[in-house]
Amino acid sequence: MASEPVARAVAEEVGRWGSMKQTGVTLRYMMEFGSRPTQRNLLLSAQFLHKELPIRFARRALELDSLPFGLSNKPAILKVRDWYLDSFRDIRYFPEVRSRNDELAFTQMINMVKVRHNNVVPTMALGVQQLKKELGRSRKVPFEFDEIDEFLDRFYMSRIGIRMLIGQHVALHDPKPEPGVIGLINTRLSPIQVAQAACEDARSVCLREYGSAPDINIYGDPNFTFPYVTLHLHLMLFELVKNSLRAVQERYMNSDKDVPPVRIIVADGEEDVTIKVSDEGGGIPRSGLPRIFTYLYSTAKNPPELDRPNTEGVTMAGYGFGLPISRLYARYFGGDLQIISMEGYGTDAYLHLSRLGDSEEPLP
């Protein structure tokens, strides 16, 4: 436990760094810089992160301390805030990065920081659920909760940015990268292949939970590739396919009718690459559509209890965080996620992905 003067000094440092302006990096720069991972470039990258990451961690720690409705005082939120303060301290008080050995030690340290934050999403979800329970609101999201949704959008977008910066730097140390891969960015990513992998993962979760899973049909040019972050696309498609499988499975579970497949269509447009995930799972009521991108709404009939330990890994549904976070991943690179639903029939999710090499916009 830190002494009071030490804690006060750290709080002052966090306040000072949290008031600084963060520096955005364009994806084009990330790709061009990362295509030549020389020792000098890795040193420059580490020096940039040594100054940039404390600003980003401090800003989030300050915001976690000033949330409305008493959310800041929930044990789960306090735990996340402490992770951000620990990470701020680890990076801020790391010695100046001047040599190759310094750079390697710094890289090892920020990779540990990234691992520390692996469970931020479910832990934040627990804090939000604790608040929701306390206010005695089952599914209805009050209008004034907009403030929490806006905070969570900012918080998770910042988290995506921090993990992208750290992940890119760490991945550039791979001595044998796959052809066309620059750090986390695959310049020749096949959306069909990523869709196939995401579908396999989502179907295995569905099989484990229900004992069976609808088929999935994928349409598109198997030879088409474009630059994107494989991890991000897999995460988004896994979430969308999982939702569709659950909707179809629950609709046809006790039916004699043939179970319709989930359909995925990949379209290569001039401006965007668009992936449509289409199901006949009964759709979402029109009254629920405005809330599907809020963090306190789930289409699941029985959302799991977050404070019960989940010993089986990923579940089919749903803390209500999957869709809004997937949309943030799409928007991080200038894309978007849209949901169009026909109650009584099914839902179409349109994932619009920007072509990465084209953007000169600084990333969040």
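Two residues are in contact here when heavy atoms of each lie within 4.5 Å. The model is predicted, so local features need pLDDT of at least 70 and side-chain atom pairs count only at pLDDT 80 or more, while totals for chains, interfaces and linings use all residues. Residues are numbered from 1 along each chain as its sequence is written, and side-chain values use heavy atoms, leaving out hydrogens and water.

**View 1. Leu 351 and its neighbours.** Setting aside residues up to four places away in sequence, Leu 351 touches a group including Leu 233, Leu 237, Val 273, Ile 275 and Leu 337.

**View 2. The largest nonpolar core.** A nonpolar core is a set of buried Ala, Val, Leu, Ile, Met, Phe, Trp, Tyr and Cys residues joined through side-chain atoms within 4.5 Å; buried means under 20% relative accessible area (1.4 Å probe, protein chains only). This core has 98 residues, and Met 124, Leu 233 and Leu 351 have the most contacts inside it. Helix α7 (residues 146–171) gives the most, with 11 residues. Domain 1 (3–179) and domain 2 (185–354) both contribute, so the core lies between them; the domain bounds come from an automatic or database assignment.

View 3. Strands are DSSP runs (E, at least two residues), numbered from the N terminus. Strands pair if DSSP finds at least two bridges between them; β7 (residues 336–342) and β8 (residues 346–354) are antiparallel, with seven bridges. Met 342 has Gly 346 as its bridge partner. Three residues separate the strands of this hairpin, and Gly 344 in the turn has a positive phi of about 95 degrees. Leu 337, Ile 339 and Ser 341 form the covered face of β7.

Definitions and conventions. Buried < 20%, exposed > 50% of the residue type's maximum accessible area, 1.4 Å probe, protein only. Helix = DSSP H or I, 4+ residues; strand = E, 2+ residues; numbered from the N terminus.
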